[in-house]
Amino acid sequence: MATTEQHVLDLGQHWASAEQRADVAALDELAAADFTLVGPAGFVLDRAQWLERYRSGALVTHALSWTDVTVRDYGDTAVAVGVHTQRASYREHAADGRFRATHVLVRRGERWLLASVHLSPIVTSPTSA
């Protein structure tokens with residue numbers, strides 16, 4: 001039997017692959033009905049808006065990885081924090097970056113669904129004294 005951590009990591013890989021393929025049907029299957037994305041500049045997209053970026057071709061993801069992931073299990077909820085690295089374009093403008101990504105997942109029956117993604121840019125910070 002797979003652990004919560006394994007389910008979350010597997011879902012994360014399916015999500016990254018679906019984004020690269022702009023596979024709206026797969027993304028739709030992976031997302032909870034009330035899915036919310038908080039983007040790296042603080043914008044908020046609901047599920048329909050998130051999916052429309054792929055459906056319309058406005059967002060093109062050339063490469064996407066989700067690495068260095070740690071998962072915390074809270075029963076029917078899991079929080080996963082990792083590094084999201086992408087090469088992408090939005091409306092033909094570069095949208096490349098490295099982000100700290102927090103994914104919130106919920107269990108619905110035997111399935112895990114992505115409820116939220118929050119991206120924060122990873123910037124070099126000054127050394128603490």
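Which residues lie nearest the centre of the largest pocket? In this predicted model, they are Pro40, Phe43, Arg53, Leu59 and Gln86. The pocket has a volume of about 320 Å³. Two or more lining residues come from each of helix 1 (4–21), strand 1 (31–38), helix 3 (47–55), strand 4 (77–90) and strand 7 (111–121). Helix 3 gives the most, with 4 residues. By residue class, the lining divides into 14 nonpolar, 4 polar and 3 charged residues.

Strand 4, one of the elements of the lining, also pairs with strand 3 (residues 59–73). The two strands run antiparallel and are joined by 12 bridges. Within this pairing, Thr67 stands opposite Val83 of strand 4. Strands 3 and 4 form a hairpin, with 3 residues between them. Gly75 lies in the turn and has a positive phi of about 85°.

Helix 1 also contributes to the pocket lining. Helix 1 has 18 residues. From first C-alpha to last, helix 1 reaches 26 Å, close to the 26 Å expected at 1.5 Å a residue. Its buried residues are Thr4, Val8, Leu11, Gly12, Trp15, Ala16, Ala18 and Glu19. These residues cover an arc of only 165° around the axis, so they lie on the same side of helix 1.

Notes
Residues numbered from 1 in each chain as written. Predicted model: local features only at pLDDT ≥ 70, side-chain atom pairs only at ≥ 80, totals over all residues. Heavy atoms only, no water. 1 Å grid on protein atoms, 1.4 Å probe; cavity = no way out; pocket = protein on both sides within 12 Å on 5 of 7 lines; lining within 4 Å. Points joined across faces, edges and corners; volume = space filled by probe spheres on them. Nonpolar A, V, L, I, M, F, W, Y, C, P; charged D, E, K, R; others polar. Pairing = 2+ DSSP bridges. Expected span 1.5 Å × (residues − 1). Buried < 20%, exposed > 50% of the residue type's maximum accessible area, 1.4 Å probe, protein only. Arc of directions from axis to C-beta.
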